[in-house]
Amino acid sequence: MASPTGTTDAPFGRMLTAMVTPFTGDGEVDYKAVRRLATFLVDEQHNDGLIVSGTTGESPTTSDEEKARILGAVLEAVGDRAIVVAGAGTNDTRHSVELAKRAAREGAHGLLVVTPYYSKPPQEGLYRHFTAVADATELPVMLYDIPGRSGVPIKTETLIRLAQHERIVAVKDAKGDLFAGSQLMSVTDLAFYSGDDLLNMAWLSLGAAGFVSVVGHVVGADLARMIQVHRSGDIDGARAIHRQVAPVVEGIMKSAGGAIMAKAALSLVGVPVGPVRLPLVPATEKQIAELRACLVAGGVKLTDV
């Protein structure tokens, strides 16, 4: 299978969704639904890239074997027309290296590697961790900087060092430091991707390559159009789309967030993906009612109304 290619300034494409992992009612991975969701995200939501087995994909509670099969299912469904990036980040460097190698064997087009969580390693530990994973395969690497969940940021000086590695080519930023990010863009060739849907427009205005989104599950086509319109120079047009989807961002990201609300939203638009695995729990009736109102306000067509 031929691998889709990005551009120098957007090596993983521009509109990517951090894909949830569909489960059956009894909690097993639903591989048929995995293929169906991947197809929906690429063909109907206009994603030119997908992240599989990231934390939105509930990677902490899926086995290595499940991750490999999920990746294979997504590649089978859309691997000829979207860049498929496999999550390979854990808080164990040896395990991350093994996940990276397995993803490469399965045919992934790139790797997403999150900051090791809970351990709160020093910056030298982060540098060595990311370098070890990048050295393990020939795949391009996107770093994932999310101190709110990992407990420690990747400092600018560490990112500058990591940018010297030929395979570390991008950052998914959920740190929210717009000034530091803009400085980093000016001194490295790292492609920046907004990893926080609340800041998509802000990052775009500073030169981000694109988005790694959660709300892209249901408004990916709008976000893809926002990127395109902004790149054409129509800033007012991009701002209008940003304001249009703002209620959707609020409904998904400012409640339970992540996998819980993304799965609830998909159910409301007629793309059921099953439950979440513990320790996550399903959205409450109140949360779903509020989410429904936000989706309607954002112009999302629902199937249950």
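The second largest cavity has a volume of about 50 Å³, where a cavity is a set of points on a 1 Å grid over the protein atoms alone at which a 1.4 Å probe fits but cannot get out, and where a volume is the space filled by probe spheres set on the points, which are joined across faces, edges and corners. This is a predicted model, in which local features need pLDDT of at least 70 and side-chain atom pairs count only at pLDDT 80 or more, while totals for chains, interfaces and linings use all residues. Residues are numbered from 1 along each chain as its sequence is written, and side-chain values use heavy atoms, with hydrogens and water left out.

Lining residues, meaning those with an atom within 4 Å of a point, include Asp145, Thr156, Leu159, Asp173, Lys175 and Phe192 for the second largest cavity. The elements that contribute two or more residues to this lining are α6 (156-162) and α7 (178-187), with helices (H or I, at least four residues) and strands (E, at least two) taken as DSSP runs numbered from the N terminus. Of these elements, α7 gives the most, with three residues. By class, the lining of the second largest cavity has four nonpolar, two polar and four charged residues, where Ala, Val, Leu, Ile, Met, Phe, Trp, Tyr, Cys and Pro count as nonpolar, Asp, Glu, Lys and Arg as charged, and the others, Gly among them, as polar.

Among the residues lining the largest cavity are Val52, Asp64, Lys67, Leu71, Arg102 and Glu106, and at least two lining residues come from each of α2 (64-78), β3 (83-87) and α3 (93-106). This lining divides into six nonpolar, two polar and four charged residues.

Turning to the pockets, a pocket is an open set of points with protein on both sides within 12 Å along at least five of seven lines. The largest pocket has a volume of about 770 Å³, and of the 31 residues that line the largest pocket, Thr55, Thr56, Ile146, Arg149 and Gly258 are the closest to its centre. Two or more residues of its lining come from each of α5 (147-150), β8 (210-213) and α11 (258-268).

The second largest pocket holds about 300 Å³ of space, and of its 21 lining residues the closest to its centre are Thr8, Asp9, Asp189, Leu190 and Ala191. Here β6 (168-173), α7 and β7 (191-194) each supply at least two lining residues.
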